[in-house]
Amino acid sequence: KQWYQRRVRGNNKEHGRKFLFDGCPDTAWSSDGGEKQHVTVTFEQGDPPTVTKIRIQFQGGFSARQCDVTSSPGGEVLTTFHPIDSNITQEFSVAMAAPTSSLTLSFSQFTDFYGRLIVYSLEFHGS
């Protein structure tokens, strides 16, 4: 089992993308409001991973009730998971048939009225 380095699209200086992966429990990424939010993760060059698990920690009150995970290229939905509205780190299985160079997590059904997310950590596990 290995952990993979990631790059995320988007930019926000105060609660930016770098805080998803910095390993510090005191920092977080926050989204703008809206009906749908997504995070596209591009794995660093080399052998693309086969992701088997995703670990995510939201701030309670600013989570999503549904997340679709799609591969890129192709846009095939690999899995849909349903996080709970909690501060705990949650782990979800992903069934991938082949390695991928990037994944998109599309969030919907937000617990925040304005559709905002706050994510303290996002990790990908696989081989």
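Over residues 1-14 the pLDDT stays under 50, and for this stretch the model has 42 contacts beyond four places in sequence. The model is a predicted one, and where pLDDT is low, the predicted coordinates should not be read in detail. Confidence in the protein is lowest in strand β1 (residues 2-3), with a mean of 40, and highest in strand β8 (residues 89-93), where the mean is 96. Taken over the protein, the average pLDDT is 83, and 87% of the residues score at least 70.

As for the secondary structure, the protein has 10 strands and 0 helices, so that its elements, read from the N terminus on, run β-β-β-β-β-β-β-β-β-β. Among the contacts in the protein with a separation of 6 or more, 76% are accounted for by residues 24 or more positions apart. Of the 127 residues, 47% are buried, while the accessible surface comes to about 7100 Å², with 46% of it belonging to carbon and sulfur atoms.

The interior can be approached through its nonpolar residues. In soluble globular proteins, nonpolar side chains tend to be buried together. Here the largest nonpolar core holds 25 residues, of which Val51, Ile54, Val69, Leu105, Phe107, Leu122 and Phe124 touch the most other members. At least two residues of this core are supplied by each of the strands β4 (37-43), β5, β6 (64-72), β7 (77-81), β9 and β10 (118-126).

Leaving aside neighbours within four places in sequence, Phe107 is in contact with Glu35, Lys36, Gln37, Val39, Ile56, Phe58, Ala64, Gln66, Cys67 and Leu117. Phe58 and Phe107 are both buried.

A further aromatic pair is formed by Phe113 and Tyr114, whose ring centres are 5.1 Å apart and whose planes stand at 85 degrees, so this pair too is edge-to-face. Phe113 has a relative accessible area of 75% and is therefore exposed, the cut-off being over 50%. Tyr114, with a relative accessible area of 55%, is likewise exposed, whereas Phe58 and Phe107 are buried.

Strand β5 also contains Arg55, which counts as partly exposed at 28% relative accessibility. The side chain of Arg55 makes a polar contact with the side chain of Glu91, at 3.4 Å. Arg55 can also be placed relative to Thr89, from which it is separated by 34 residues in sequence and by 6.6 Å in space, C-alpha to C-alpha.

Most residues other than glycine have a negative phi. Gln109, however, has a phi near 55 degrees, a positive value in a residue other than glycine.

Conventions
Residues numbered from 1 in each chain as written. Predicted model: local features only at pLDDT ≥ 70, side-chain atom pairs only at ≥ 80, totals over all residues. Heavy atoms only, no water. pLDDT = per-residue confidence, 0-100. Helix = DSSP H or I, 4+ residues; strand = E, 2+ residues; numbered from the N terminus. Contact = heavy atoms within 4.5 Å. Buried < 20%, exposed > 50% of the residue type's maximum accessible area, 1.4 Å probe, protein only. Areas by Shrake-Rupley, 256 points an atom, 1.4 Å probe, with all protein chains shown as cover. Phe/Tyr/Trp six-rings, centres within 6.5 Å; stacked < 30°, edge-to-face > 60°. Core = buried A, V, L, I, M, F, W, Y, C linked by side-chain atoms within 4.5 Å. Polar contact = N/O pair within 3.5 Å; in protein donor to acceptor, adjacent residues only side chain to side chain.
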